[in-house]
Amino acid sequence: MVSLLFSILGERRYWLTAAIIFFVYVIVYLAATQFLIFTQRMGATDGFFAIKIAENWQELMFRQRAPFLFESIGAMYLGGLKLFISVPNMFLAATLGILIGLNGAVSYYSFRALSLRGSQGLVQLIGTVPAILSGAACCVPTLILVIGLQLTATLATVWAFFVPLSVFLLFAALWRSLRKIKKRTL
Amino acid sequence: MGNQVIYFFLFVIIAGVVFFYFSNRNAAPIEVAPEVRKQLKESAPLISQDRDVYFSLLEKSAISGGPPKDGIPSIDEPIYTSAEEADEWLLSQDIVFGIDYKGLTAAYPQRIVVWHEIVNVKIGGEDVSLTYCPLTGTAIGFKGEYASGISSEFGVSGKLINSNLLMYDRKSDSYWPQILGTAITDPAKGIRLEEFPVVWTTWEKWKQAHPDTLILSQDTGFFRNYGENGDPYGSYVRENRGYYSSDRLLFEPIHTDSRLHPKEVVVGIRDAEGRTLAILKNKLRTEKIIEASLGDSTVVVTYDQELDFYKARIKETDTWINAFDAMWFSWAAFYPNTELVQ
């Protein structure tokens, strides 16, 4: 399976697909959880480019704002763009981004090289949603209003496991796609 | 070989999930000092059976809003700047919570406080806390000393009752719903916090009334989106107000009352005996002065055009009584038998 995955990624068009999806997803994830924002009038002290790290960054590093959502230890300013730096969040975003990127590349390969069409695209898409929503319960609740949900104790508990759920769904979808390709090519 | 790699990845993912889930560096459980427990045992009032049942109902209805304890971090060492500096980033129509208490005149921008919900301040050696719950639209000032010799800061428990902020105090770890201002769990159960006035107004109006005011700086010790569009619930400035005007609630309250739109702003007044009164804020704006009954007493609420706020007093004794803005649904949920002037 792993060698099959690497051989697919050996072609430029597929690793490029994975890379593009990875970057887009990481940006969407960080924006959805308000760790990447665009804002004006944030104060005169903000220059065009600056990095600020909190003095007590060790204390903040693993402090949770919500399940699987961690405090920022600093901020990077680039014009009106602000990135709140949280190492665990970036790690999570990167992990999910890699899985989604790989899923995208493998799907593209199945479709293009083997003309395989199936429901795996849908599974992969569903897999990405919980992770984006994971930060929404506590930190971007308007998103929940837009969706039209009312939070109950049960839903809040389930919500807390959206990130691992995403990882599991994406991993399962990738495995399933690779198995299909292997069967087809044998 | 291929399967071994997959098992390895699975192991890494599971280990990562477990690590992230248990890597919570938030507030450690509070060890209540024996002398605090003893003092509270002596200070806590006897609670009637009805009130005890009510407190139990509230405690049972507390649900997690998502963040863990202190996941919404209170500001414990506020830094202030001048009005001129704040003008560089704060809009004149931005909401601020103003306090003018024991020599400290300061404004706390809603767009900062929305991310922290509690600002713990020391004024002349006295602990006071400015508290704000975005989901119920309530800003209330509490004094930290709630029993003889026991004074505390407050933190955000992460739980909500009727969508309202459930605070905890850092001395006894008792839980205090903000609107109630009374502890519903031991060891402080039944104790009511003293309050001080907090003015809900705009930056422009506050600045005109208090030109020398200080203002809470964005340097809170935490990194959040304190910008114009930073409020995660909506906006009091933009036309699209989001949660603040929507008729939808994020959490189901214990009791609902359809006499008003759930987010309609009422002026809530309650006394130590549990008597309550709500006045439609827009009616107060029109009539300027409203007199209404609060049990055997009469409350006079006077509208202050300059601040678009009000003051309330008990007519018979000419004493100050706290009155604060609240979204109707939350007031009615905590006080189902409230009088309503509309």
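**View 1. The antiparallel pair S5(A) and S6(A).** In chain A of this predicted model, strand S5 (residues 74-78) pairs with strand S6 (residues 81-85) in the antiparallel sense over 5 bridges. Strands are DSSP runs (E, at least two residues), numbered from the N terminus. Two strands pair if DSSP finds at least two bridges between them. Opposite Ala75(A) stands Phe84(A) of S6(A). S5(A) and S6(A) form a hairpin, with 2 residues between them. In the turn, Gly79(A) has a positive phi of about 60 degrees.

**View 2. The antiparallel pair S2(A) and S5(A).** Strand S2 of chain A spans residues 49-53. S2(A) pairs with S5(A) over 5 bridges, again in the antiparallel sense. Ile51(A) has Met76(A), in S5(A), as its bridge partner. In a regular strand, side chains alternate between the two faces of the sheet.

**View 3. An open sheet in chain B.** The sheet has 5 strands in the order S2-S15-S4-S3-S14, with mixed pairing. Its edge strands are S2(B) (80-82) and S14(B) (199-202); each pairs on one side only. Neighbouring strands are turned by 35 degrees against each other on average, direction ignored. Axes are lines fitted to C-alpha atoms, and angles run from 0 to 180 degrees between N-to-C directions.

View 4. S15(B) covers residues 214-216. S2(B) and S15(B) pair in the antiparallel sense over 3 bridges. Thr81(B) stands opposite Ile215(B).

**Notes.** Residues are numbered from 1 along each chain as its sequence is written, chains are lettered from A and ligands numbered from 1 in the order in which they are written. Local features need pLDDT of at least 70, side-chain atom pairs count only at pLDDT 80 or more, and totals for chains, interfaces and linings use all residues.

Conventions:
Helices (H or I, at least four residues) and strands (E, at least two) are DSSP runs, numbered from the N terminus.
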